[in-house]
Amino acid sequence: MAAHANTLRYWLDVDALTYPDIPSPRKRRHYTLRYSDPLPWQKTGQPLVQDHKYFVYFALVQKQVLETELFELFRTSAQPDPGGNHQRKRTGKTFLCAMEVGADGRPAIATLQLAAFSAAFASKKFGRPVSAPLVLQALKEKIANVQSDTGSGVADGAWFQQVIEFLVGELAWQPRELMATEQICIHRVPLVSAKGKPLRKPPEMDPINSFYVDDLQRISDGMAGSGACASQVQAYLDGAGGGQDRIDVTQPPVVDALLRADHFPPGRWPSKFPLFLMQQVAVNTALRTLADGGIFSVNGPPGTGKTTLLMDVIAARIVQRAEVLARYDVPEQAFGKSPVTITYPPNKGGKIYTGPSYFLDEALLDAGIVVASANNKAVENITRDLPNMDKVWPQPLQLDGQDFDYFAATAQAVLGGKTSRGDNGDEPAPDDDEAAPAGGDDDGLRCWGLISAPLGKKSNRGHVADQLGVFADNGIENMLDQLPTERLDWSRARARFADAIARVTAIQERVAAFDAALPACQSARQALAVARAALETAAGQRGQCQAALEQLDADAARLDSDLQVNLSERNQLARDWPWWRLLLAYLFNRGAHAEAGRQRAELASDYLQLRATRAANKRTQSERQAELATLQRAEQDAAALAARLEREAAALEAQLARLRAELGPAAFDPAEFAALPADQQQKALPRTNDALQRARAEVFIAGLALHQAFIKAAGKPFATSFRLALAMLSGEAHVQQHLPLIARHLWATFFLVVPVVSSTFASVARCFRDLGEGEIGLLLIDEAGQAVPSHALGAIWRARRALVVGDPLQVEPVINMDRKLDYEILKFHQASEAHQLTSYSAQHLADRANRYGAQVRQYDGSELWVGSPLRVHRRCVDPMFSVSNAIAYNNKMVFGPDPRDEEQASLARPLLGPSRWIDVTAGEFEEHFNPEEGRKALDIVIAYAQQGWCDAKDELPELYLISPFKSVAEEMQALLREHVERWADGVEDETVDDWLKSHVGTVHTFQGKESESVVFILGGKTPGARSWAATTPNIVNVAVTRAKRRLYVIGNRQAWSDTTFGARLAQAVPG
């Protein structure tokens, strides 16, 4: 736990050392003054009008002063950073404190904020932790005591100076030099609209510190208070579940086990095509692994269908909640009154109403889904993909033979309408943390369902609340009133959903039956083969025994014959030698007498031998006859067993054939699958067929219809909770004080209607401020390879389950922290180097925590453990696919599209011919920008415009211009502006500016995006700069995989060939 506490303090300091900028005043009146100057509210002779207040930023200091002290404190120097990925802002002004002041000059002490960097400086200076929240609390108490002792309570310059003195006393530190001529900056903030009407929600000062400081402080304080580390934080930091228990999900037996029929979730996203092999492996494994909580990661190289995978996970989670909803006989039973009574604002007649609030059943508090990312585009992509009609099949979706949508008009209003300007009427909302819009001008997006909503920053939350509310034309209550009565019938909806589940279960049971029948049939075949072999052996043994018995019979006959011959010979000898002849021979011919005796003795001996042999033969015959009987019975038994096993095998073969015919592709034979080429394996999906895919999609649709029926049948409890949830999103004052008790229930009610919400990490702390540890059901982190580990922590801490998707081999996270300084801060806090913010991403940490994954060989030969990997790439044609596959993925990716698609596309839209390298050797560099390279890129943009290869939405060239270097991107934007009439003649300036921001930039800003064509402007003045960009594959990998069809590389081919991956790029892209 101590090690984790060190890491949190280290991460907190790194974020705290991001100096706040003084916000832009926009159209507000503003003043930059000395303390000795009269302050705006001190002007005399004017009547006091409470139509405004002030945002005050004081104790101004130059960032360069702080930077000099900071690097001296840590005894280090800045590390060169050609790409600006870890570049700190060392110029401009910052401040120590900020607060609101009323029109009458009275400070609102509760609004006082302290720049967190001040505590970080004090901590380093004195070698002990200094808590910014504790310092701020002590400062507020001192100010309050002084305020109570003053007469008027109006703040003047001396008052602000005294606050700074108090602060310095608390910290025992101050900047070496505060600004003397510019000491205090004041913004006059209107509280009425341009028409003089009071704003519905008065503006509040935004937090001044890093978006992540509050969450890091909250988690750190919680650990210090409890003495324990939150389970998700612990898993994230120490890689729980990794190491020796790791399971390689690419191994065939593991894939087979993870794709068992009962591992497929009953619902799926209604897409036209099924997932590929490793996508489904990831979905199945993630859902089962995260059932009770935890962290799971997916490694998705470019174009491998990460968003498609997330859609199936989302569908499965929605169906899981539908299964819970279906348990309620009466939906109102899911709600119970809470102890909190809400006092509502006075109505137009001035009457104040109070009413109950409701708690939602515990079983439904765990179903919300939050998509978060550091990448604005990634958040926007998935938020807009989920409701997009183009992402579902069929179009429109069907339910009971009729067209089905899920609050489509509301989704269209949220995502296709104008973005809310904010909470303040004519007062523009600050563009505080996200570029992703809540909505935009109609760009052709057709919505089928309100599956997701973009939240995050305040203006987005307000926009969503407005569009879903009771007064909106397409608000949820109005949309429910427009649905057919039979659609909302609770009993019918439950029955429909149960039937849909039953259809899936029936098919999956048949798939499971095939899975059981296949090894049973194989076992039967093996048993039959063994039985047949045994029968053959028994028959052979019986035959051998019978042949031996026949031989014995022949031997017996021969012996009988030999005995007869012996008897005849003895009789003949007796006749030839009667007694008298023997006597005479004895007397007169002793030799003859001896010969006759020898013959008689020999015949007698033969007779005895033959009789003994015949007796032995008879005994053996008896034994063989008994043995033959035994072997005949054994042969009969073996024949019977073989016959039975043959019948059983035939029956199993017939069952297998019926199941195979019934299931088609869902009848999965691992041996047949293993014999397929690797690319065919990766593009297949075992144990599924069109009927099962259709049935699982119908479960999802029936589940959504069940949700609609549920929220209608839940009546007043739901309606009350949903309105309070929208008030929570809008920041309505009447609900704020109660959120610590009811926020989780209000969020769960909101998620009943909108299953998925999105936010950048920067907005998580504010958007989900009142949710605590483990109170988000499922967190989906997209493009986690681009996320700073500490920036994801607040979202992970709030999540019971976290599915982290990304690729550590794409661009690294962007963090305004010098690498050397970062390492010194890490050492100061004695944190683990495995948690260094400038070396690792959130994806790295999540992969370590995931026991399901694979070892991948990196470009330098080392092995890297990644979470469940995806393999099939569907975005880029060659040479982009082959370059990426070779330099970053050890050729493990599989090319997904049909090669004929590009042949047809080239005929229809040839562009500037095949991808190629445009070699530029001339030109003088301006930082890392070569104007000659810029002119070549400009020519391409002009050619695209002239040929009409443009985006239909804005009629501007459909291509990206990207570079490793920020200076190249900036100069390229300037060059295009200078020649705008040649490629965007007649196009509005605002549209051109938007195009330049979204189509020209550094590689780091384009991860998650794709275009038909990409112009890769290399730049790079020095060998060191080029080496920075191409010593590892990351930048080249991301750059080339933004291009779907054409890649035009512009730069010095020879100079870049001296770098590791510049050379690989030069080898692959022809000149």
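The model is a predicted one, in which local features need pLDDT of at least 70 and side-chain atom pairs count only at pLDDT 80 or more, while totals for chains, interfaces and linings use all residues. Residues are numbered from 1 along each chain as its sequence is written, and side-chain values use heavy atoms, with hydrogens and water left out.

**Entry 1. Backbone**

I noted that the peptide bond from Asp-878 to Pro-879 is cis, with omega near 10 degrees. I recorded a cis bond from Gln-395 to Pro-396 as well, with omega near -5 degrees. Pro-396 lies in the loop between helix H11 (376–385) and strand S11 (397–399).

I then turned to phi. Asn-891, a residue other than glycine, has a positive phi near 60 degrees. I located Asn-891 in the loop between H28 and strand S20 (894–895). Its relative accessibility is 52%, so Asn-891 counts as exposed; buried means under 20% relative accessible area, exposed over 50%, and partly exposed in between (1.4 Å probe, protein chains only). Gln-830 also has a positive phi, near 55 degrees, and is not glycine. I found Gln-830 in the loop between H26 and H27, and at 64% relative accessibility Gln-830 counts as exposed.

**Entry 2. Gln-836**

I placed Gln-836 in the loop between helix H26 (819–828) and helix H27 (842–849). Is Gln-836 buried or exposed? Gln-836 is buried, because its relative accessible area is 10%. Its side chain makes a polar contact of 3.4 Å with the side chain of Asp-822; such a contact is a pair of N or O atoms within 3.5 Å, and within protein one must be able to donate a hydrogen and the other to accept it, with residues adjacent in sequence counting only if both atoms are side-chain atoms. Neighbours within four places in sequence aside, I listed contacts (heavy atoms within 4.5 Å) of Gln-836 with Tyr-10, Arg-819, Asp-822, Tyr-823 and Leu-826.

**Entry 3. Helix H1**

I assigned Asp-15 to helix H1 (residues 2–16). Asp-15 has 5% relative accessibility and therefore counts as buried. Its side chain is joined to that of Ser-210 by a polar contact of 2.7 Å. Beyond the neighbours within four places in sequence, the contacts of Asp-15 include Tyr-212, Leu-216 and His-791.

I next examined H1 against H26. Their axes come within 9 Å and cross at roughly 140 degrees. In H1, Tyr-10, Asp-13 and Val-14 meet Asp-822, Ile-825 and Leu-826 of H26.

**Entry 4. Nonpolar cores**

How many residues does the largest nonpolar core have? I read 248 residues, and those with the most contacts inside this core include Phe-58, Trp-448, Phe-710 and Leu-803. Helix H15 (residues 490–576) supplies the largest share of this core, 15 residues. A second, separate core of 64 residues includes Val-877, Ile-942, Val-1036 and Phe-1061. A nonpolar core is a set of buried Ala, Val, Leu, Ile, Met, Phe, Trp, Tyr and Cys residues joined through side-chain atoms within 4.5 Å.

Key:
Helix = DSSP H or I, 4+ residues; strand = E, 2+ residues; numbered from the N terminus. Axes fitted to C-alpha atoms, helices over the stretch in contact; angles between N-to-C directions.
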